[in-house]
Structures are given as C-alpha cells and as structure tokens.
2 protein chains.
Amino acid sequence: MKDNILPIKGHQVILGSRPHGLPKENDFEIKEFQVERPKKGEILIETHYLSADPFQRMRLNSSSGYGKTINLGETIKGRIAGKVIISENPEFNIGDFVEGMLGWKTYAISDGSNSRAEYAPGITKIDLNKAPISAWLGILGFPGITAYFSLIETGKLKKGNTVVVSAAAGAVGSIVGQIAKISDCKVIGITGSERKVDYLINKLNFTYAINYTEGNISKKIKKFAPDGIDIFIDNTGGPIADEVYENLRLNARVVLVGNISQNNQKNEIQRRDLQNMIMRTRATVAGFIVYDFEKRADEAREKLSSWIKEKKIRYDQTLEFGIENAPKAFISMLNGGNIGKQLIRLPVSIKENT
Amino acid sequence: MKDNILPIKGHQVILGSRPHGLPKENDFEIKEFQVERPKKGEILIETHYLSADPFQRMRLNSSSGYGKTINLGETIKGRIAGKVIISENPEFNIGDFVEGMLGWKTYAISDGSNSRAEYAPGITKIDLNKAPISAWLGILGFPGITAYFSLIETGKLKKGNTVVVSAAAGAVGSIVGQIAKISDCKVIGITGSERKVDYLINKLNFTYAINYTEGNISKKIKKFAPDGIDIFIDNTGGPIADEVYENLRLNARVVLVGNISQNNQKNEIQRRDLQNMIMRTRATVAGFIVYDFEKRADEAREKLSSWIKEKKIRYDQTLEFGIENAPKAFISMLNGGNIGKQLIRLPVSIKENT
C-alpha cells in the first residue's frame with residue numbers, strides 16, 4: 001500500500017445515468033474508494049451528514065441551469081458536514097466540525113480554503129454553540145442564508161408586508177415564512193399536502209397555508225390577501241408561480257430562488273406570459289443565488305441563531321440513514337416528501353453528540 | 001339650438017366591434033357629434049394631431065392589461081394635440097397649444113386640470129420653443145418620457161453598457177437607442193425590416209441592428225455582444241424577447257415597457273420559462289409604466305429638448321392624414337409600418353405654423 005493511501009475504504013454516490021424528469025434510484029451508483037492521506041495543508045473529514053438540496057437536480061442535467069454539470073461517473077456534487085479526523089492544516093484541529101460542498105462521500109479531503117470554484121465554496125467551521133452540526137446544513141447553512149437574504153435584501157421585506165412562499169414546508173420556505181412572521185408580516189405558504197398545511201399553520205405559525213394539489217391557488221390567495229401580495233419568494237416556478245403572479249400588488253417583489261417544479265420536467269415547459277401582470281403592477285422579478293451573499297453569511301447566521309435561542313424560530317429535519325439511501329432521500333425531497341431540511345445521516349465510527 | 005351647443009360638427013373614432021388579434025379597419029367607426037360650448041373652467045380644443053400608440057391596443061380588449069377597457073360605442077382613448085379655441089379657464093389663452101389624453105376627436109373639451117383619472121393625465125401646455133406641436137406627442141410626450149426613464153432610471157443606464165431595445169425604430173425604441181448612444185453605450189436594435197435596419201444604422205447611429213424576421217436573433221446578439229448585454233428595454237415581449245434573455249449578463253436589467261407582439265394575438269400565448277436564465281444571471285425584470293414618472297416629465301423634456309437643439313438626437317414621424325384614416329394608421333403602427341412616431345394630422349380651419 002502506498003504512503004498516500006490510508007487503510008480505510010470510503011463510499012461515494014456517483015451519477016450512473018443522466019435522468020430525464022424525476023431521477024430514479026438506479027440513475028445513481030454507490031462506489032467504493034480508497035481514502036487518501038491528506039497532504040500538507042489538507043484535512044480529512046469523516047462525513048456525518050449528506051445534504052439533499054434542490055440545486056443538485058440542475059447539476060444532473062447535461063446543461064445545468066447554473067454551476068457545472070455532473071458528468072457520468074462523477075461524484076454527486078453536494079454539501080456534507082462532518083468531523084476533521086486528520087489535519088495537516090494548522091487552521092483545523094482533529095475533532096473540529098466543518099461543512100462544505102465536498103461531494104457525497106463518506107470521507108472527504110479539503111484544503112481548508114474558503115475559496116469558491118464554480119459556486120463550490122470552501123469549508124466553513126461549525127460552531128456547535130450556535131446549533132448542532134446538522135443545522136449547519138439547514139437553517140445555519142445555505143438554505144437558511146438563502147431564506148434570510150432572499151426575503152430581507154432582495155425581497156426588501158417591510159413590516160406589515162404580505163408574503164407568499166412556495167415549497168413552504170421545505171428547508172428554505174419554512175425559514176422564509178418564520179422570518180416574515182417575526183417581522184410582523186402576513187405569511188401565506190404554498191405546499192403539497194394536508195400534512196404540510198397542518199405543519200405550517202400549527203407548528204410554524206404561518207398565517208395561511210394552501211395545498212396546491214387542491215387547485216384554485218390564485219383564488220385562495222385572493223381570499224387571504226384581498227389587497228394583493230408584496231413579496232413572493234418563489235422556490236418552485238411553473239404553474240404554481242403563475243397563479244401567485246395574479247395577486248401581485250403595486251411594486252411587488254418576486255424573488256426567484258428555485259425552479260424545482262420545472263427541473264424534474266422531461267421537456268422544456270412553456271409558461272404563461274407574465275409580462276402584462278408585471279407591467280401593470282410595476283413588480284420587480286429578481287434572480288437570486290445565495291453565493292452572492294456568501295461574504296455576509298455570518299450576518300444571517302448570527303440573526304438566525306439568536307432567533308433559535310429565543311425560540312422564535314424552529315428548524316425541522318427529515319432524516320434518512322446511510323449513504324446507500326441518499327438517492328432515495330434525494331428523490332423523495334424532489335417529490336416534496338420532506339418536512340424541513342432533508343438530510344442523510346451516516347453511521348460514524350465514534351458516536352459524538354452531533 | 002341650445003345655449004350649450006356650438007354650431008360646429010366634430011368627428012370622433014368609436015369602437016364598433018371588439019377586435020380579436022390584429023384589429024381591422026371596420027372594428028372602428030367614425031361618428032359625428034355636435035360640439036358643446038365649454039363650461040366655466042373648461043377649454044375647447046381644436047385637434048391638430050391624433051397620436052397612435054401601442055397602449056391603445058390593450059384598451060380594446062375586454063380585459064385590459066392596465067387602464068380601463070373601452071366599451072363598444074365609446075370614443076377611442078388616445079392622446080391628441082391641438083389648439084385652444086375657446087377658453088373659460090384663466091390658465092389658458094385662446095391660441096395656446098396643449099396635449100392630453102382626450103380621446104380621438106376633432107374637438108375636445110378639457111377642464112384644464114392635470115389630474116389623472118385611470119391613467120389619463122390631464123392636459124399639458126405645449127412650449128413651442130422646445131419643439132413643434134407634433135413632437136409633444138412623441139419625443140417630448142409620453143414616448144420620449146418613457147424612453148428616458150425606462151432606460152436611465154429603471155434600466156439604471158451606465159456609461160459603456162450594452163443595451164438591446166426591441167421595436168427599435170418605433171417612437172420609444174428610436175429614442176431609447178439614441179439616448180444610449182449619447183451615453184457612450186453599445187446599442188443593438190431589433191426591428192422588423194431591412195428598411196428599418198438601414199434607418200437605425202444610418203440615420204440613428206445604432207451600433208448594430210437586427211431584422212427579427214430573418215431569425216437567429218439570439219445568435220446575432222451573441223455575435224455583436226459576446227460578453228452579454230446589460231440592459232434590455234422590451235417593447236414587444238413574446239418570442240423576440242425570449243431570445244434576448246439568452247444573452248443577459250450578470251446583474252442585467254430588463255425593463256418591460258410594452259408587449260405589443262402579444263397584444264395582437266388571438267389567444268393567450270405561452271412563453272419560454274425564463275426563470276433559470278433570470279436566476280443564473282441574477283437579472284432584474286421590472287415592469288414600467290410611464291405614469292409613475294409623470295411628476296418628473298419636465299426633467300426628461302428639458303434633457304431631450306436640449307439634445308434636439310444640440311442635434312444629438314432626432315425624431316422622425318410617420319404621418320397619416322384625416323381622422324377617417326386614423327384606424328388605418330393605428331393598424332399600420334401595430335404592424336410595424338411606422339418609422340418613429342405614428343401620428344394622424346387633421347385638417348384645421350386656420351393653418352398655423354405647427
């Protein structure tokens with residue numbers, strides 16, 4: 001065995017075949033690999049959690065919406081959180097917890113940098129005083145930071161606004177709605193089941209929730225917000241979004257955060273022509289990508305962790321177990337099977353309070 | 001004859017039948033009316049020009065995009081410019097020239113106010129030192145004010161930007177492109193004929209012009225602006241616009257000024273889903289209606305008239321003659337038959353230097 005190889009076997013999820021429409025489990029393969037020894041400046045991370053996020057679906061297309069596409073045979077791009085078990089980098093100690101876009105692997109090497117190549121930011125040190133490790137992939141990770149800046153900065157949140165959020169029970173939507181409630185806003189969540197409607201109203205304290213599978217989205221919004229809406233945080237795109245646009249109020253702000261309803265479509269989908277609605281209301285529709293706010297991530301984390309401590313905000317998780325079940329968890333998340341953040345918990349050698 | 005009736009017959013254009021798709025001449029009727037004597041506070045205007053503008057098409061639909069729909073038998077909503085021939089309002093003298101949204105009539109009464117009911121601003125006094133009367137329906141009227149604020153304010157024009165404008169040879173587009181050129185920008189105009197391509201390049205000094213009837217709009221923009229575009233002033237919407245979106249650069253601004261390609265369609269048209277393109281580029285798409293800038297109209301007029309005096313900007317007109325030909329002129333304008341501002345010149349009793 002060569003010097004640079006450790007006597008540990010890792011597993012990774014690779015792209016076996018390119019999905020059209022909703023991925024199937026056998027589009028993915030689990031592949032063993034020999035774990036390498038970190039070089040000078042590098043660290044070896046034992047993965048505790050894989051994160052399943054909607055942006056990953058885009059990367060599976062031959063032409064990705066943004067970021068690099070994943071080639072066949074390549075590791076699935078994805079965020080992980082784990083523990084440093086070997087450190088050749090003075091910035092990191094063994095036992096530190098970190099998270100980063102290191103790919104879906106049970107062990108990962110990082111140079112510890114914070115640089116971002118093609119929207120793949122370097123690793124972030126986890127502060128367990130703020131929240132447990134898993135929360136750093138959710139409310140204190142990119143979903144929470146997305147929720148915070150999309151609503152407050154791009155959406156220009158003002159006290160008393162009426163806010164609509166789609167995929168409202170998901171990792172981003174559930175935080176968006178709670179921040180809006182903290183800011184004395186009326187919040188209407190759009191979600192895909194009665195169970196999630198109940199969750200939004202009774203657990204997250206949303207003002208209203210709509211089950212889109214029952215139709216009449218526009219009419220229901222009109223009933224809940226007869227004067228129209230000020231902000232729409234759009235995580236889904238597609239026909240659900242089209243109905244929300246009908247309720248825009250003068251100078252409304254639409255923030256395009258995700259297009260998950262369309263990313264699973266086999267063919268390019270046509271949409272309603274929203275131009276006259278946007279003109280009439282002088283609305284602003286703005287594209288949002290969280291990496292533009294990367295340098296301000298700690299600002300969002302401070303605020304969110306203080307709300308957690310004050311019990312003003314909660315974060316829920318849907319857990320799957322074992323890397324072999326990561327594709328299943330990912331597909332379930334794309335199908336709206338999750339409440340809160342979808343994570344995959346990996347068995348780790350030494351149990352920690354994580 | 002009653003006291004309040006003058007011994008003058010006027011003519012007006014009324015809506016005879018509601019058009020589906022492109023209007024036909026016989027959707028309109030010319031109807032005689034007896035001209036009334038202005039009451040205290042009012043003025044009587046002899047119309048010199050009728051203005052044909054794209055927004056009027058929307059008003060012909062049973063459900064208008066914005067503003068009130070025109071009912072069957074009602075006068076066509078439209079701007080006119082003319083001379084005060086009777087004044088019962090101390091603010092106006094006989095012989096003053098004014099313009100306003102008074103409807104397509106050969107004589108019109110106004111209370112002289114500047115109030116705006118349902119986006120129908122009151123009348124504006126014309127200053128012939130700035131430009132001739134007809135220019136107050138074009139470059140110094142709402143088309144010019146639209147061009148100015150859509151580009152400079154909503155479009156956030158910066159020196160050196162690359163600007164695309166559709167319906168580029170029209171009343172708004174031709175001014176947009178020239179303002180951008182004055183501001184040291186690269187300007188790409190999209191228009192519908194070789195004659196208009198020639199006009200844009202050789203008369204208006206656009207950097208590039210594209211004849212959309214030849215297809216490959218996106219490819220041509222990519223050739224002219226390999227690094228993408230910063231601003232898109234969209235007067236047409238529809239498939240032309242969809243191709244422009246493919247060339248948006250990071251943080252591009254799209255200003256939705258008109259949707260003329262869609263207003264003549266018989267059925268609601270589906271469009272490409274632009275969401276991923278907007279997200280990827282973090283573009284901002286903003287609806288624009290000129291009435292939001294009404295209070296700042298003089299600011300635009302000052303700037304535009306000084307550019308006229310310095311011969312930095314030109315304004316062209318396409319003239320039709322006689323109110324009976326107004327429907328024909330309107331349809332021609334909707335079909336892209338005009339270069340610059342489409343106007344209808346009316347014969348007037350006493351010839352003036354207008």
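Is Lys311(A) buried or exposed? Lys311(A) is exposed, with 7 other C-beta atoms within 10 Å. The scale runs as follows: a residue is buried if 20 or more other C-beta atoms lie within 10 Å of its own, exposed if 12 or fewer, and partly exposed in between, with C-beta atoms placed from the backbone.

This is a predicted model, in which local features need pLDDT of at least 70 and side-chain atom pairs count only at pLDDT 80 or more, while totals for chains, interfaces and linings use all residues. Residues are numbered from 1 along each chain as its sequence is written, and chains are lettered from A and ligands numbered from 1 in the order in which they are written.

**Positive phi in loops**

Lys311(A) has a phi near 60 degrees, a positive value in a residue other than glycine. Asn216(A) is not a glycine either, and has a positive phi of about 55 degrees. Asn216(A) counts as exposed because it has 12 C-beta neighbours inside 10 Å. The table places both residues. Helices (H or I, at least four residues) and strands (E, at least two) are DSSP runs, numbered from the N terminus.

| Residue | Phi | Loop in chain A |
|---|---|---|
| Asn216(A) | about 55 degrees | between β12 (208–211) and α5 (217–224) |

**Two domains in chain A**

Chain A splits into domain 1 (5–134 + 316–345) and domain 2 (142–291). These bounds come from an automatic or database domain assignment. Taken over C-alpha atoms, the centres of the two domains are 28 Å apart. Their contact takes 17 residues from domain 1 and 16 residues from domain 2. Contact between two residues means that their C-beta atoms, placed from the backbone, lie within 7 Å. On the domain 1 side, eight residues are nonpolar, five polar and four charged. Ala, Val, Leu, Ile, Met, Phe, Trp, Tyr, Cys and Pro count as nonpolar, Asp, Glu, Lys and Arg as charged, and the others, Gly among them, as polar.

**Chain A against chain B**

Between the chains, 27 residues of chain A are in contact with 27 residues of chain B. On the chain A side, β15 (270–272), α8 (275–281) and β16 (284–287) each supply at least two residues. α8(A) gives the most, with six residues. By class, this side has 10 nonpolar, 10 polar and seven charged residues.

β15(A) and β15(B) (residues 270–272) run antiparallel, joined by three bridges. Pairing requires that DSSP finds at least two bridges between two strands. Within this pair, Gln270(A) stands opposite Arg272(B).
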